[in-house]
Amino acid sequence: MAAIEDLTRLALDAERELETNAAEVDRILHICNACRYCESFCAVFPAMTRRLDFNVADAHYLANLCHNCSACLYACQYAPPHEFGVNVPKTLAQVRRDTYVEYAFPKSLGVLYRRNGLTVAMAVSLGVAAFLIGAILMQGSLFVHGLEGQFYVIFPHNLLAVLFGAAFGFSVLALAIGVIRFWRQVSEPGKPVPLPNAAGEAARAVLTLQYLDGGHRDGCNNEDDAFTLWRRRFHHFTFYGFMLCFASTSVATLYHYLFAMEAPYPILSLPVLLGTAGGIGLLIGPAGLFWLNIRRNPMQADETQKTMDRGFIALLFFVSLTGLALLAWRDTAAMPLLLAVHLGFVMGFFLTLPYGKFAHGIFRSAALLKYAIEKRRPNPVQAGGE
Amino acid sequence: MTRSEDFIVIDVLVIGGGNAALCAALMAREAGASVLMLEASPKEWRGGNSQHTRNLRCMHDAPQDVLVEAYPEEEYWQDLLKVTGGETSEHLARLVIRASSNCRDWMRRHGVRFQPPLSGALHVARTNAFFMGGGKALVNAYYRSAQTLGVRVRYETPVAGIVLDGDRFVGARTESGELITARACVLAAGGFESNREWLREAWGRNDRGEWPADNFLIRGTRFNQGVLLKDMMRAGADMIGDPSQGHCVAIDARAPLYDGGICTRIDCVSLGVVVNRDGERFYDEGEDFWPKRYAIWGRLVAQQPGQIGYSIIDRKVIGRFMPPVFPGITANSLPELATRLGVPVEVFMRTLDSYNAACRPGTFNHTILDDCRTEGVVPAKTHWALPIDTPPFYGYALRPGITFTYLSLKVDDTAAVRFGNKPSSNLFVAGEMMAGNVLGKGYTAGVGMSIGTAFGRIAGTRAAAAALGRPA
């Protein structure tokens, strides 16, 4: 009962916080809309000029359009210590967390975003790993010689497929429901636009992380007013590393079911090559993002989300590290232990997927698509056309 | 070059921390001089009025990256001649104009980025190059470049006075009493617009017995107290300009006393009427596009009783002008609006009724000089005259907002400070402290930054040459 009351209280807090944060977006964007110096940094400001007032849906939309590059903070003549106290990246970051909470599925689990930090991520992963280690121990010894990478001797393939497939499937479904609800809330019907063009533009913005280039291709800010391209590069390492790992798993699944080729695959096989390249990307990317994260100017970020950021970074890093370790020592007696630990992190990653930082990519892509559609429609506000 | 920490003798001391000071410091450093900058403000407030600027008026004979079409030297000069009413120097103005055509590559090298004109500023797409992120982004870029090049910067170091030996610069005395000597010096510490006492004295008392400047707001920095202008006047430097002249616009009366910047503008003036405290109109609100008229409305409001005006519009024009930062006072009837604004209802209604009755039918278009005008009312409204008849009605109180003052040290094309019409050999001036040589009155967007950049670069080069004993 205590847990339910706790969740209810957290949900009420979240509601109140959303109102406060959305009101702050409305306040500062009235100042921005009268200034507009930042218009070519990113998509947030052109989207702003299509509006005169900013309701909660607008706040969600603009918050997720913002990539937190923070160029507008350092350029702002109204940033603290100015009495107007304009801080666009921080304010929008606060609303982003509200978005994740508000559009989580099931909604009652949305409050996990407020708690899903490093500790939760590690606890879930290590818990699952411990459980798997226990399962192995029930059947005999943890250290077994002569298995030569025979993973499915430890855990049968179908058991893994069902467990991980179900966890991943639920996460994808939960995220999909969330983003559809988000889309419905922030998008009002309008004049039809050529959707392929809009989708293409949004896809390019996502895949190139266009809005981490600061609008001038010098990059975004991290510690101070100097620009850096490393945030964008480390994101690329992470994203494309993840995609390569995903491709590796997909290819392996095809091998398994279509060609009845079972793991372990040779070092020079497609699944291992893709997985290794992806794994290396998933080490470099998250390590770099962590390094930037700890050095980030607190003015730019919502400090309360750092634990969520770092939890996600850590999960990605350890999924990759344990995966590469499993590859390196798959032919040794340590394989069962390494397998259990790796599977623990993968499961931890899947389970927290819809309630952690992973969501930022999904909601941001949706916001970019909305922007690409919206900008193809006439601006309803015809201010200062002279 | 020597490393900055190794400076024993400072070659060039730059006093100030805005665009002109930074241009001078960068040029002097590039010429091989050791440079120390003294900025009066703390780091967060550095950059003076430059942090509120947004563009540079640029001559160009053909389309140039963000600039469309052409803006030839002669047209630029004619524009300047028109707004200043001849209160300018053709030689210096043309020097600034030509410099504006070729300074942007240098600016880019120091990290300044340009962007296409902002929405709501398309009217200057041809004449003005916008800084990406505005003036504070420019200031940040210059400071970063200065740091990389080894320019030393001391913040929170206001200078109280200059120590001279005849007409030669010897050193600067800081407010804390420290004497900082250097081989040459550039003064670029801004006008006196933040000094309310001086503004009061400069504008004096009007026929109504009011001190108009007491009701002025300062659009920019609080650090431009004019200390060095006054110090140089005392030292007998040659001066130019009228202390009551400056860039003065009508802004939202609720703007903060300092640093309200761009967002406190009220852009609906040309789409409605403006009445004074007594409820009477006093000028043609539709004379020209607002961006071409905003610079005269500060003085117009300053001449009204109580130095206040009220821009009145109705629902029809909402969304047709740049959104104001503060919400307007609203009412569902005009008498109610007058009451809310504190304007006498009877006179207000007489003014509005006669204006509404005088509006001739036409085709309203706020993007061109349209044919909606009044007939038989004084003053006439010559464009965009629509009857104000559709509730809700909105009112915005206006105050004069001083951007910068034009009282200046007199210079020629070397930027040297002059005493008895003779140039000092090692003391130079740039930015607002000499802008009045080019801009005796009036204003046109982006010209302040053109003057600051041109003369900042000249002053820095000359100061380095003077310090290093080279011909400039």
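Guide: Let us begin with overall dimensions. With 386 residues, a compact globule would have a radius of gyration near 21 Å, and chain A has 23 Å, which agrees. The radius is taken over C-alpha atoms, and the globule rule is 2.2 Å times the number of residues to the power 0.38. The C-alpha trace of chain A spans about 80 × 50 × 40 Å along its principal axes. This is a predicted model, in which local features need pLDDT of at least 70 and side-chain atom pairs count only at pLDDT 80 or more, while totals for chains, interfaces and linings use all residues. Residues are numbered from 1 along each chain as its sequence is written, and chains are lettered from A in the order in which they are written.

Visitor: What makes residues of chain A count as buried, and what percentage do?

Guide: A residue is buried if 20 or more other C-beta atoms, placed from the backbone, lie within 10 Å of its own. By that criterion, 45% of the 386 residues of chain A are buried.

Visitor: How do you know that chain B is in contact with chain A, and how many residues take part?

Guide: Contact requires C-beta atoms, placed from the backbone, within 7 Å. On this basis 36 residues of chain B are in contact with 31 residues of chain A.

Visitor: On what basis is chain B divided into domains, and where do they lie?

Guide: The bounds come from an automatic or database domain assignment, which gives domain 1 (4–191 + 406–468) and domain 2 (249–401) of chain B. Their centres, taken over C-alpha atoms, are separated by 36 Å.

Notes: Two residues are in contact if their C-beta atoms, placed from the backbone, lie within 7 Å. A residue is buried if 20 or more other C-beta atoms lie within 10 Å of its own, exposed if 12 or fewer, and partly exposed in between; C-beta atoms are placed from the backbone.
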